[in-house]
Amino acid sequence: MSNRWFSYVLIEDKEIQNFIDAIIFLCNPVEKNGAHITMMGPLKDKLEISELNKIKNEMIGSKISIIGVGRFFNDRQNTVFLQCGSDFVKKFWKKPDFPFNPHITIYNGKSRDFAEKIYLIFRENRLFFELSVGDVICLQSHSGQKDFHLIFSLDLDGIRGALGGENPISQIKKMQDWERIMILERLMPKLKWLIYNR
């Protein structure tokens, strides 16, 4: 498979970004990417600088609504995500293989049972809030890529108390699914407090 380009929307509020990134890592420690919305792709070529700057000028600072939790479940997919709404994302949306459905992936893994439990926790906590766009970037994805950007960018201070350990990254990697679910249930009130007390 040839290299492909994707355009991503990033969150402006770094504290919320860090907390959601930590939850993504908690749910799947081998996940490579933090919280983002894929807006375009796969593209054959990188966006021209002028085109990317035009998109940035329109989008940075604009609002994205989080309108609950969703899921993609089929024989080979177990994905849980935050549903997003944005007129600006819709304006620039270019994903020929998918209908308009902007989202932030929380979990994309092998276990349907685990995905169902994550989905239920997010549904019960009813997250409805707004985020601001912090940046729009265009990155290349390589076939077989083993990029561990997420693990190197994690700031786990926000969830350290819930983990109660000296080395949270090592601790999370060793957890069983039921332990991850228990931690996630403890983290959700903290995330809600962070969101609604900005």
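## Glutamate 15 and helix H1

Glutamate 15 sits in helix H1. Helices here are DSSP runs of H or I with at least four residues, strands are E runs with at least two, and both are numbered from the N terminus. This is a predicted model, in which local features need pLDDT of at least 70, side-chain atom pairs count only at pLDDT 80 or more, and totals for chains, interfaces and linings use all residues. Residues are numbered from 1 along each chain as its sequence is written, and side-chain values use heavy atoms, with hydrogens and water left out.

Glutamate 15 has a relative accessibility of 54%, so it counts as exposed. The scale is as follows: buried is under 20% relative accessible area, exposed is over 50%, and partly exposed is in between (1.4 Å probe, protein chains only). Glutamate 15 and leucine 194 are 179 residues apart along the chain, yet their C-alpha atoms are separated by 8.3 Å.

## H1 against H8

Two packed helices are described by the angle between their axes and the distance between the axes. For H1 and H8 the angle is about 170 degrees, and the axes are 11 Å apart. Axes are lines fitted to C-alpha atoms, for helices over the stretch in contact, and angles run from 0 to 180 degrees between N-to-C directions. H1 and H8 are therefore roughly antiparallel. The cut-offs are under 35 degrees for roughly parallel, over 145 for roughly antiparallel and 65 to 115 for roughly perpendicular, with the rest oblique.

Which residues of H1 and H8 meet? H1 brings Glu15, Ile16, Phe19, Ile20, Ile23, Leu26 and Cys27. H8 brings Arg180, Ile183, Leu184, Leu187, Lys190, Leu191, Leu194 and Ile195. Contact means heavy atoms within 4.5 Å. The H1–H8 contact residues divide into 12 nonpolar, no polar and three charged. Nonpolar covers Ala, Val, Leu, Ile, Met, Phe, Trp, Tyr, Cys and Pro; charged covers Asp, Glu, Lys and Arg; the others, Gly among them, are polar.

## H4 against H8

Helix H4 (residues 112–125) also packs with helix H8 (residues 177–196). Their angle is about 20 degrees, and their axes are 10 Å apart. That makes H4 roughly parallel to H8. The crossing of H4 past H8 is right-handed, a term for a near helix turned clockwise from the far one by less than a right angle, with anticlockwise giving left-handed.

On the H4 side, the contact uses Phe114, Lys117, Ile118, Ile121, Phe122 and Asn125. On the H8 side, it uses Asp177, Arg180, Ile181, Leu184, Glu185, Met188 and Lys192. The H4–H8 contact residues divide into seven nonpolar, one polar and five charged.

## The nonpolar core

The largest nonpolar core has 61 residues. Such a core is a set of buried Ala, Val, Leu, Ile, Met, Phe, Trp, Tyr and Cys residues joined through side-chain atoms within 4.5 Å. Helix H1 (residues 14–27) gives the largest share of this core, nine residues.

Ile118 and Phe122 have the most contacts inside the core. Setting aside residues up to four places away in sequence, isoleucine 118 touches Cys27, Val80, Ile106, Tyr107, Ile181 and Leu184.

Serine 7 lies in strand S1 (residues 4–11). Its relative accessibility is 0%, so serine 7 counts as buried. Leaving aside neighbours within four places in sequence, serine 7 contacts Ile37, Thr38, Met39, Met40, Leu47, Val136, Ile137 and Cys138.

Serine 170 lies in helix H7 (residues 168–174). Serine 170 is partly exposed, at 24% relative accessible area. The C-alpha atoms of serine 170 and proline 29 are 9.7 Å apart, across 141 residues of chain.

## Backbone and loops

Most residues other than glycine have a negative phi, and most peptide bonds are trans. The bond from glycine 41 to proline 42 is cis, with omega near 0 degrees. Proline 42 lies in strand S2 (residues 37–43). Arginine 126 has a positive phi, near 45 degrees. Arginine 126 is in the loop between H4 and strand S6 (128–141), and is exposed at 57% relative accessibility.

The loop between helix H3 (87–92) and strand S5 (103–108) holds aspartate 97. Proline 96 lies in the loop between H3 and S5. Aspartate 97 is exposed at 56%, and proline 96 is exposed at 66%. From glycine 41, C-alpha to C-alpha, aspartate 97 is 8.7 Å away and proline 96 is 7.6 Å away.
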